[in-house]
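Dear colleague,

I am passing the structure on to you with this message, and you will find the sequence and the coordinates just below. My notes follow after that, arranged by topic.

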Amino acid sequence: MRGGGAEMRTEAPLLEARKLTVAIGQRSFCRDLDLSLQAGERLAILGCNGAGKSTLLSVLAGLRAPQGGEVRIQGATYAELGARKSALIRGWLPQSRGDAFASTVLETALVGRHPHLERWGWESAKDAQIVRAALAAVDLADFERRDIQTLSGGERQRLAIATLLAQEPQLFLLDEPIAYLDLKHQIAMLDLFAKAARENHAAVVMVLHEPALAWRFCDRVLLVHGDGLTESGPAKTMLTAERLSALYQYPMLAYECDGQISFIPR
Amino acid sequence: MPTRRRALLILAALTGVALLSILLALVAGSIRIPPAEVLAALFGGADGVSGEVVRSLRLPRALAGFACGGLLALAGALLQVLLRNPLADPYVLGISGGAGVGAILAILFGVGVAGISGASFVGALAAMLVVFGLAHGDGSWTQTRLLLTGVIVAAGCGAMVALILSIAPDHKLHGMLFWLMGDLSQASSPGLVLGVLAAILLVAMPFARELNLLARGSDMAQTLGVQVSRLRKGVYLVASLATAAAVTQAGSIGFIGLIVPHLVRLAAGNDQRLLLPASALAGGSLLVIADTLARSVIAPQQLPVGVLTALIGVPVFLFLLARDARRGR
């Protein structure tokens, strides 16, 4: 998605968390978390419902202030960069969307171009081209003129991904990117982000509920236990039946087949 | 696909409509003045009764009406985005309620026109500060909380207005009711409201694309590069001032602020870069036409213009809604 941005990469990691403490009220989700993500890396965040995955992700996205520590993207804090420059670096896929007003699919995806436009600027033919390519990438090429309020849950999810692709960030923060999607589109979307990491030197963080997909599509994993304890490491060593049983507080069984792995609740 | 060219074309057409509506307001009334004489009175400085009527009675009233209609429609459009609620209107946050209490009290104590305007403006500002202070409270600022605070303050003001109406002497009731339903007959100094309308459009337009994002959710807007908390405070302030200025000049004229942004949205889409100026032009034109009808239908008697804005706005709105449903959007 990015043209010519690769050479300009700086030494600083795309995403860095230092001594990060995230809590809501009395409940802390992580304490003194250190995290660093370089271009091309993909990190999965796994944990139970309510363990604080989305909260942590929104702190990493600069939407919420941490209770301690700091978050840097390309070496700078969100405050130092300002909203607009931050938007050129990191993109965020929210978990839920409410559409208050009617709008077409094309107009909705064009919103992603906002940080690239001048204050008085209007979307150009080039922006439209980028957006159409993004819609095609998520299999929505023929949906341009459809009202978003008539889309199915999965179609709406893919439109949100297209909007994010149109934004062309280097750091993707994805909150349940494959929610509502059928199996085919789950794999297609995860392939899309894997490709962005591989070919466009993007870094990807995704909250997932399917450990097997994390094993297949991510090189690192962060397990969020919900009591302030977090563990991180390479996906292939972290994702074991034993660790996942402890994480989900339910006995799990790992089943390998054809080079893929599946985790089955016992 | 939104383009600048399409927006300019639509705005040019609406400017034409606005000029026509003002011309209509100058021609029609208890005495009918032909368009040629109207133009002579405006540009040639024609003397006589008709010249005087056009210049010092109808023109100020038409311009004040245009400005108030524009302000109300603009405030409605802004608040619908701020609250992400298509049902929001300029009065939903209690600003007109506060103005109403101020104005009715002023009428009750028998102060003059300037006193009524002053009191209603003070009431509007007081309501605005109360709602903002309470909703802002601990620093978190959700749409629901703002909306609920506004609705409750508005309900409180409504109760106070009802209380004053029930104890007011009979001969003052007529004036109070006209103020409450919206009335342009006292509007004689259009310069100030026109200035406010122009200033608010100038302030809002540079942020129009950011408002498009805000309409899609504040977190979404923030991650796409909008300084959300600053923008929301600004929108609240600007929309409140627009409402206060309009209500002070013309009383609480209903429906314009709710219906006009929807009309424009149905006809031209929800891009705030077009929606904001188009709402101002369409709201102004609608109020000028309604006011012209209000003072000419049963002339020399006058109807409250707020009744007519509703009578015109509701069928037009229902027609557009039905057309939209048939198109199957």
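In H5(A), the buried residues are A:Glu155, A:Gln157, A:Arg158, A:Leu159, A:Ala160, A:Ile161, A:Ala162, A:Thr163, A:Leu164, A:Leu165, A:Ala166 and A:Gln167. Please keep in mind throughout that this is a predicted model. Because 12 of the 15 residues of H5(A) are buried, this helix is largely enclosed by the rest of the structure. The cover over these buried residues includes, from chain A, the helices H2 (78-89), H3 (105-110), H4 (125-137) and H6 (183-200), together with the strands E5 (90-93) and E6 (171-175). The helix itself spans residues 153-167 of chain A, and the distance from its first C-alpha to its last is 21 Å, close to the 21 Å expected at 1.5 Å a residue. Just after H5(A) comes A:Glu168, which takes a positive phi of about 55 degrees.

E8(A) runs parallel to strand E3 (residues 42-47) of chain A, to which 5 bridges join it, and A:Ala44 stands opposite A:Val221 of E8(A). E8(A) also pairs with strand E9 (residues 230-234) of chain A, here in the antiparallel sense and over 5 bridges, with A:Ser232 in E9(A) as the bridge partner of A:Leu222. E8(A) and E9(A) form a hairpin with 5 residues between them, and in the turn A:Gly226 has a positive phi of about 95 degrees.

As for how the chains meet, 24 residues of chain B are in contact with 27 residues of chain A. On the side of chain B that touches chain A, helix H9 (208-214) and helix H10 (218-223) of chain B each supply at least two residues, and H10(B) gives the most, with 4 residues. By class, that side of chain B has 9 nonpolar, 9 polar and 6 charged residues.

With best wishes

Note on methods
Residues numbered from 1 in each chain as written. Chains lettered and ligands numbered in written order. Predicted model: local features only at pLDDT ≥ 70, side-chain atom pairs only at ≥ 80, totals over all residues. Contact = placed C-beta atoms within 7 Å. Nonpolar A, V, L, I, M, F, W, Y, C, P; charged D, E, K, R; others polar. Expected span 1.5 Å × (residues − 1). Buried ≥ 20, exposed ≤ 12 C-beta atoms within 10 Å, placed from the backbone. Pairing = 2+ DSSP bridges.
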